[in-house]
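Trainee: I would like to learn how to read a structure that is new to me. Please take me through it step by step.

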Amino acid sequence: SLDALQRQQADPASPLALDAFDFGRRLAVEKELRGTDPRLMPASNALFDASGTLLLYPTLHGVKVVSLPTNRLLRVLGKVEATERFCTLALFQEERDGRAR
């Protein structure tokens, strides 16, 4: 929820805290997205990697990568992007011999 995001931003120990200006801009974009007609809003999704151990999903902060066995946030992709709001993900996974799965 937006309230949870604001509480997280207010926590100085949070690793996801953003610059106040950047957070305000991202929050405004998020509110605008949530206020649009649901039929026009981009569909959000979550993806598993081929091993089934990683979960990727888009958020206001960027694309979060979570390890399911440890339940830890491993990485936030796109956190430094100032103009992008990732809504939908696609994942291409290739086997070591070059064949697509």
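Predicted model: local features only at pLDDT ≥ 70, side-chain atom pairs only at ≥ 80, totals over all residues.

Trainee: What joins the side chains of Asp-22 and Arg-26?

Mentor: A salt bridge joins them, with N to O at 3.3 Å. The cut-off for such a pair is 4 Å.

Trainee: How many salt bridges does the count come to?

Mentor: The count comes to two. In the other one, the side chain of Asp-22 meets that of Arg-25, at 2.7 Å from N to O. Arg-25 is partly exposed, and its relative accessible area is 28%.

Trainee: Why can residues three or four places apart point the same way?

Mentor: Now the case here. Asp-22 and Arg-25 are three residues apart in helix α2, which covers residues 20-35, and about one helical turn separates them. Asp-22 and Arg-26 are four residues apart in α2, again separated by about one helical turn.

Trainee: Which residues is Arg-26 in contact with, leaving aside its neighbours within four places in sequence?

Mentor: Arg-26 is in contact with Leu-18, Leu-60, His-61, Gly-62, Gly-78, Lys-79, Val-80 and Glu-81.

Trainee: Which residues of helix α1 are buried?

Mentor: Helix α1 covers residues 2-10, and Leu-2, Leu-5 and Gln-9 are buried in it. Seen down the axis of α1, these buried residues fall within an arc of 60 degrees, so they line one face of the helix. They pack against α2. Arg-7 and Ala-10 are exposed, on the other side of α1.

Trainee: Where is Leu-47 placed?

Mentor: Leu-47 is in strand β1, residues 47-48. Not counting residues up to four places away in sequence, Leu-47 touches Leu-54, Leu-55, Leu-56, Leu-89, Ala-90 and Leu-91. Distance in sequence and distance in space can be read side by side: Leu-47 and Leu-2 are 45 residues apart in sequence, and their C-alpha atoms are 23 Å apart in space.

Trainee: In what order do the elements of the protein run from the N terminus on?

Mentor: The order is α-α-β-β-β-β, for a secondary structure of two helices and four strands. The C-alpha trace spans about 45 × 35 × 20 Å along its principal axes.

Trainee: What share of the residues of the protein count as buried?

Mentor: Of its 101 residues, 29% count as buried. The protein exposes about 7,100 Å², and 55% of that is supplied by carbon and sulfur atoms.

Trainee: What share of contacts between residues at least 6 apart in sequence join residues at least 24 apart?

Mentor: For those contacts the share is 46%.

Trainee: How many positive and negative side chains does the protein have?

Mentor: There are 14 positive and 13 negative side chains. The centres of the two sets lie 4 Å apart.

Conventions:
Residues numbered from 1 in each chain as written. Heavy atoms only, no water. Buried < 20%, exposed > 50% of the residue type's maximum accessible area, 1.4 Å probe, protein only. Arc of directions from axis to C-beta. Contact = heavy atoms within 4.5 Å. Areas by Shrake-Rupley, 256 points an atom, 1.4 Å probe, with all protein chains shown as cover. Lys, Arg positive; Asp, Glu negative; His and termini not counted. Charge placed at Lys NZ, Arg CZ, Asp CG, Glu CD.
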